[in-house]
2 protein chains.
Amino acid sequence: MSLTIGVFDSGFGGLTVLRAILPRLEGKLAGTRCLYLGDTARLPYGSKSRETISRYAVSSVEFLQQQGADFLVIACNTASALALDDIRAASSVPVLGVIETGAAAVASISQTMSALVLGTAATIASHAYSSALSHLGLQATEKACPLLVPLVEEGWTDHPVTDEVVRIYLGEALASAKNAPDTLLLGCTHYPLLRQVFARHIPAGMKIVDSADATAARAAELLLPLLTASAPTVSSLTGVSLTAPSLDFYVTDSPTQFQQLGSRFLGRPIDDVTHVALPE
Amino acid sequence: MSLTIGVFDSGFGGLTVLRAILPRLEGKLAGTRCLYLGDTARLPYGSKSRETISRYAVSSVEFLQQQGADFLVIACNTASALALDDIRAASSVPVLGVIETGAAAVASISQTMSALVLGTAATIASHAYSSALSHLGLQATEKACPLLVPLVEEGWTDHPVTDEVVRIYLGEALASAKNAPDTLLLGCTHYPLLRQVFARHIPAGMKIVDSADATAARAAELLLPLLTASAPTVSSLTGVSLTAPSLDFYVTDSPTQFQQLGSRFLGRPIDDVTHVALPE
């Protein structure tokens with residue numbers, strides 16, 4: 001089989017999920033494709049209503065399926081939190097969201113069964129992480145952090161102002177925490193770029209779970225058996241690397257802006273980006 | 001005549017323009033209506049491309065004209081900067097933008113003929129203020145301040161972090177300034193809420209021009225002669241105030257969110273908000 005993985009985000013943040021997926025696919029089945037769609041004309045989703053987010057997300061995953069995706073990763077926390085049921089209803093292929101995988105990763109390491117969850121206003125207002133953690137027997141203290149995405153996009157990932165904003169947000173979250181949270185869940189795909197800042201301000205012993213990395217690990221867990229079982233032996237081929245997945249990027253706003261900012265999130269240059277118009 | 005003024009913004013910021021217009025209309029012609037459209041499902045415009053901003057803005061002003069607007073105020077700096085020609089081409093009524101009025105206000109007070117201009121990434125990248133000021137014989141030093149809108153929307157209008165961010169942005173702008181700017185132009189309708197913060201960090205003697213206030217003043221200048229000339233004498237009527245303009249609010253995302261955040265910008269409660277769907 002050949003596999004096409006569709007990764008969807010409202011903008012750039014989902015590139016941290018794709019970045020975590022790619023190394024897991026290397027050396028596996030030749031011919032694997034990764035499609036990435038950033039709905040950049042309508043970002044950010046984090047401040048919008050459930051109805052609007054759902055409409056945007058469904059039109060986005062329909063596009064990825066039209067392009068041949070046979071496995072969908074909803075790398076946008078906001079869309080996973082508010083529209084995953086609608087997305088699944090509109091999809092004929094398996095759909096993996098960041099909320100459920102992030103929550104499962106927390107459950108696998110928390111000793112106190114209590115976690116802090118940080119995310120955008122809409123993700124937190126949805127209580128989607130709280131609900132997913134509760135199903136796994138964990139308690140969540142949730143905190144909306146609307147300034148962190150703009151700070152990352154300003155490039156202030158290592159900056160005194162960001163340090164202070166993270167200190168304030170974490171302090172407020174800890175002050176309102178029930179029980180003793182021992183795990184910090186980064187519930188937004190921009191936040192991995194601030195991992196070192198979080199590490200400076202969390203209490204000693206607290207662990208950080210990154211929903212982007214957790215989702216990439218889960219996607220690999222689901223897909224690698226398929227890829228390995230049917231993989232041709234490519235080790236005898238020379239001259240070309242058939243085993244690195246091909247990458248196609250689509251955006252609803254300017255490809256140039258996406259290339260510039262996106263490369264920081266992906267950790268490698270982004271060459272070709274195609275502009276697409278999605279139905280409202 | 002009865003007059004319907006349509007005020008358009010990508011979200012909330014334009015409410016500072018409406019706020020500045022309203023007192024100027026009170027005591028004038030009875031039956032004046034103000035329509036406000038916030039394209040909140042697609043905000044912010046500030047990080048998007050010219051093509052996308054233009055498409056969104058044109059569909060927005062077409063809606064306001066369908067609702068009867070016979071005078072349009074483009075209260076969004078980004079849309080004024082990037083799409084005013086397209087908006088005028090799509091409009092059959094007079095259109096006033098914040099850029100030209102803000103630039104004219106600077107020209108009327110600057111002695112050194114040099115100004116600092118702060119705005120969103122897209123407004124600054126368009127060099128629209130620089131170009132408008134240049135036509136009036138002034139030099140501009142422009143600086144994109146992408147964190148200020150999120151800080152205002154977080155409610156941190158009087159906060160040490162905002163103080164520090166403004167200090168950094170103004171310091172960078174002044175360090176790169178040509179000549180000796182004596183005027184600071186607030187080129188974003190969110191910035192009036194930070195006026196006190198700017199006042200703390202500008203050099204002694206520098207004046208602040210607020211494009212929201214300048215636009216309201218210019219709209220009044222254009223409209224009041226019409227209203228006063230044809231105004232019925234309402235002073236003899238008692239019991240009802242016929243002279244305060246009626247207000248209708250339209251948004252493309254959640255009316256509830258708009259009511260909550262919008263009231264801070266308008267400086268008075270917002271009662272009824274109607275959700276509308278605009279063509280993509």
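Reader: Where in chain A is A:P44 found?

Author: Look in the loop between β2 (33-38) and α2 (50-66) of chain A. Keep in mind that this is a predicted model.

Reader: What kind of peptide bond joins A:L43 and A:P44?

Author: A cis one, with omega at about -10°. Chain B has its own case: a cis peptide bond joins B:L43 and B:P44, again with omega of about -10°. B:P44 is in the loop between β2 (33-38) and α2 (50-66) of chain B.

Reader: On to helices. What angle do α4 and α6 of chain A make where they pack?

Author: About 50°, with the axes of α4 (residues 98-109) and α6 (residues 128-135) of chain A 9 Å apart.

Reader: Why is α4(A) called oblique to α6(A)?

Author: Set the value against the cut-offs. Roughly parallel needs an angle under 35 degrees and roughly perpendicular needs 65 to 115. The angle here is about 50°, so α4(A) counts as oblique to α6(A). As for handedness, α4(A) passes α6(A) in a right-handed crossing.

Reader: Which residues meet there?

Author: From α4(A) come A:V98, A:I99, A:A103 and A:V106, and from α6(A) come A:A128, A:Y129, A:A132 and A:L133. By class, that contact has 8 nonpolar residues, no polar ones and no charged ones.

Reader: What classes of residue does the contact of α1(A) with α11(A) have?

Author: The α1(A) side has A:L15, A:T16, A:L18, A:R19 and A:L22, which meet A:F258, A:G262, A:R264, A:F265 and A:L266 of α11(A). By class that gives 6 nonpolar, 2 polar and 2 charged residues.

Reader: Now the sheets. In what order do the 4 strands of the open sheet in chain A come?

Author: The order is β6-β5-β7-β8 (chain A), with parallel pairing.

Reader: Why do β6 and β8 of chain A stand at the edges?

Author: β6 (139-144) and β8 (207-210) of chain A each have a single partner strand, so each has one side without a neighbour in the sheet. Neighbouring strands are turned by 25° against each other on average, direction ignored.

Reader: How do you know that β5(A) and β6(A) pair?

Author: The cut-off is at least two bridges, and β5(A) and β6(A) have 6, in the parallel sense. That is why they count as a pair. In β6(A), A:A144 is the bridge partner of A:G119. Over these strands, α6(A) lies across β5, β6 and β7 (183-186) of chain A, running at about 170° to β6(A).

Reader: How many bridges does β9(A) make with β2(A), and how many with β10(A)?

Author: With β2(A), strand β9 (residues 246-251) of chain A pairs over 6 bridges, in the parallel sense. A:V251 in β9(A) is the bridge partner of A:G38. With strand β10 (residues 273-275) of chain A, β9(A) pairs over 3 bridges, again parallel. There, A:Y250 stands opposite A:T274 in β10(A).

Reader: What does the open sheet in chain B look like?

Author: 4 strands in the order β6-β5-β7-β8 (chain B), paired in parallel. Its edge strands are β6 (139-144) and β8 (207-210) of chain B, each pairing on one side only. Helix α4 (residues 98-109) of chain B packs on the sheet and touches β5, β7 (183-186) and β8 of chain B, at about 155° to the direction of β8(B).

Reader: What makes the relation between chain A and chain B that of a two-fold axis?

Author: Chain A can be laid on chain B by a turn of 180° and a shift of 0.0 Å along the axis, with an RMSD of 0.0 Å.

Reader: How do you know that the copies meet through the same surface?

Author: 100% of the interface residues of chain A are also interface residues in chain B, so the surface is the same.

Key. Residues are numbered from 1 along each chain as its sequence is written. Chains are lettered from A and ligands numbered from 1 in the order in which they are written. This is a predicted model: local features need pLDDT of at least 70, side-chain atom pairs count only at pLDDT 80 or more; totals for chains, interfaces and linings use all residues. Side-chain values use heavy atoms; hydrogens and water are left out. Axes are lines fitted to C-alpha atoms, for helices over the stretch in contact, and angles run from 0 to 180 degrees between N-to-C directions. Helices (H or I, at least four residues) and strands (E, at least two) are DSSP runs, numbered from the N terminus. Angles under 35 degrees count as roughly parallel, over 145 as roughly antiparallel, 65 to 115 as roughly perpendicular and the rest as oblique. A crossing is left-handed if the near helix is turned anticlockwise from the far one by less than a right angle, and right-handed if clockwise. Contact means heavy atoms within 4.5 Å. Ala, Val, Leu, Ile, Met, Phe, Trp, Tyr, Cys and Pro count as nonpolar, Asp, Glu, Lys and Arg as charged, and the others, Gly among them, as polar. Copies are superposed by least squares on the C-alpha atoms of residues with pLDDT of at least 70 in both.
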